[in-house]
Amino acid sequence: MKKRFLSTLALAGVAAFALAACSSSGDTESSDGAAPADGGGDMITVGFAQTGSESGWRSANTESMKTAFSEDNGFDLVFNAADNDPAAQIQAVRSFINQGVDAIVIAPIVEDGWDDVLQEASDAGIPVILEDRTVSASDDLYASWVGLDFQLEGQKAGEWAAETFTEPTNMVVLEGTTGSAPANDRATGFDMAIEGTPIEKIDSQTGDFTRDGGKTVMESFLQKYGADEIDLVYAHNDDMALGAIEAIEAAGAVPGEDIMIVSIDAVHDGMQALADGKINYIVECNPLLGDKAAELVKAVLAGDSVEKRTIVEDQAFDQEAAIEALPNRSY
Ligand code: AHR
């Protein structure tokens, strides 16, 4: 951990920030579950600002990060989950800067609003690596990003819909968190792919990437239009699709038949619903980004040059492919 920032005065500030992080910006913990502390020796202290715990994908991503940034691998991880609150996430990053961590990793909840705090990290000489989502700030303000091509994911889902629906089709959309890169890009990719097809987007609302959110929004769509008037649901992630399935079944309709569903992630519960015929198509979003993020942190701290962007490839699954893949999926 960097010592140069820790004057007596700063230490008092750190204690205040750490307390604030615990109380108002979600859970902050170090690798051993105790309060954030100096790893000492040759350990690399990394502050990781996670979005929260909104989905099955997020749980798999957090596990991948915690495994890669383990003590055995030479890291003292200070973990914060911001409960999907962008202001709390920025506050957590400021806390990491004040603690003088060696590097900061961020899974940004939303794209905008990062310029100031990234500049502060840069001024403090602390490299920032982004994982999963992107930001709109200049890429001069962070060292590298590892993640997924969200627009391509949306495009693949849209291409499936365009091939499947050749008659007039009413579609509703369950959007991810407003302002997040995956919600923005998955909408763009899908909309481009269905342009000129008979698919009409009759409504689109955010379900915040959560199962409860997807269920609540789907219930309101069913109430507004009736199950007979909805042919297709495009869910920006599996958790919202799983919530929609509950709402569709409660309305007396059959998910996957009366109302077809396409979603993104390919987490275990989503893949099981696809295998069971309740979801019709899933585009993968690979959450196992921890090893690459840890490799980037080590390379950047060693002064090695690194790629600015690393995109991890995704697959897509229909029912048959899901049945085949399920026994060997690790998340
Ligand atoms: O940023 C990746 C997205 O965030 C996943 O698709 C979603 O499930 C998660 O909450």
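These legends walk through several close-up views of the structure above.

The model is predicted, so local features need pLDDT of at least 70 and side-chain atom pairs count only at pLDDT 80 or more, while totals for chains, interfaces and linings use all residues. Residues are numbered from 1 along each chain as its sequence is written, and side-chain values use heavy atoms, with hydrogens and water left out.

**View 1**
Let's start with strand E4, residues 103-106. Helices (H or I, at least four residues) and strands (E, at least two) are DSSP runs, numbered from the N terminus. In a regular strand the side chains alternate between the two faces of the sheet. Here Ala103 and Val105 lie on one side of E4, Ile104 and Ile106 lie on the other, and all are buried. Buried means under 20% relative accessible area, exposed over 50% and partly exposed in between (1.4 Å probe, protein chains only). Two strands pair if DSSP finds at least two bridges between them. E4 runs parallel to strand E2 (residues 44-50), with 4 bridges joining them, and Val46 stands opposite Ala103. E4 also pairs in the parallel sense with strand E5 (residues 128-132) over 3 bridges; there, Val105 stands opposite Ile129.

**View 1. Strand E3, covered on both faces.**
How many of the 7 residues of strand E3 (residues 75-81) are buried? The count is 7 of 7. Phe75, Leu77, Phe79 and Ala81 point one way, and Asp76, Val78 and Asn80 point the other way. E2 and E3 run parallel and are joined by 7 bridges, and Gly47 has Val78 as its bridge partner in E3. From E2 the chain crosses through helix H2 (residues 56-68) to E3 in a right-handed β-α-β crossover. Right-handed means that, with the strands pointing away from the viewer, the path from the first strand over the helix to the second runs clockwise.

**View 2. Phe69 in the largest nonpolar core.**
A nonpolar core is a set of buried Ala, Val, Leu, Ile, Met, Phe, Trp, Tyr and Cys residues joined through side-chain atoms within 4.5 Å. The largest one has 44 residues, and Val46, Phe69 and Val297 have the most contacts inside it. Helix H10 (residues 290-301) gives the largest share, 5 residues. Beyond its neighbours within four places in sequence, Phe69 is in contact (heavy atoms within 4.5 Å) with residues including Phe75, Leu77, Val105 and Ala293.

Helix H6 (residues 181-194) has 14 residues and, at 1.5 Å a residue, should span 20 Å; its end C-alpha atoms are 20 Å apart, which agrees. The expected span is 1.5 Å times one less than the number of residues. Among the buried residues of H6 are Ala183, Arg186, Phe190 and Ile194. Their cover includes helix H5 (150-164) and strand E7 (169-175). Just after H6, Gly196 takes a positive phi of about 80 degrees.

**View 3. Ala137 in a loop.**
Ala137 sits in the loop between E5 and strand E6 (144-147). Is Ala137 buried or exposed? Ala137 is buried, with a relative accessible area of 7%. Trp114 is 23 residues from Ala137 in sequence, yet their C-alpha atoms are 6.1 Å apart in space. Contacts of Ala137, leaving aside neighbours within four places in sequence, are Trp114, Asp115, Leu118 and Tyr142.
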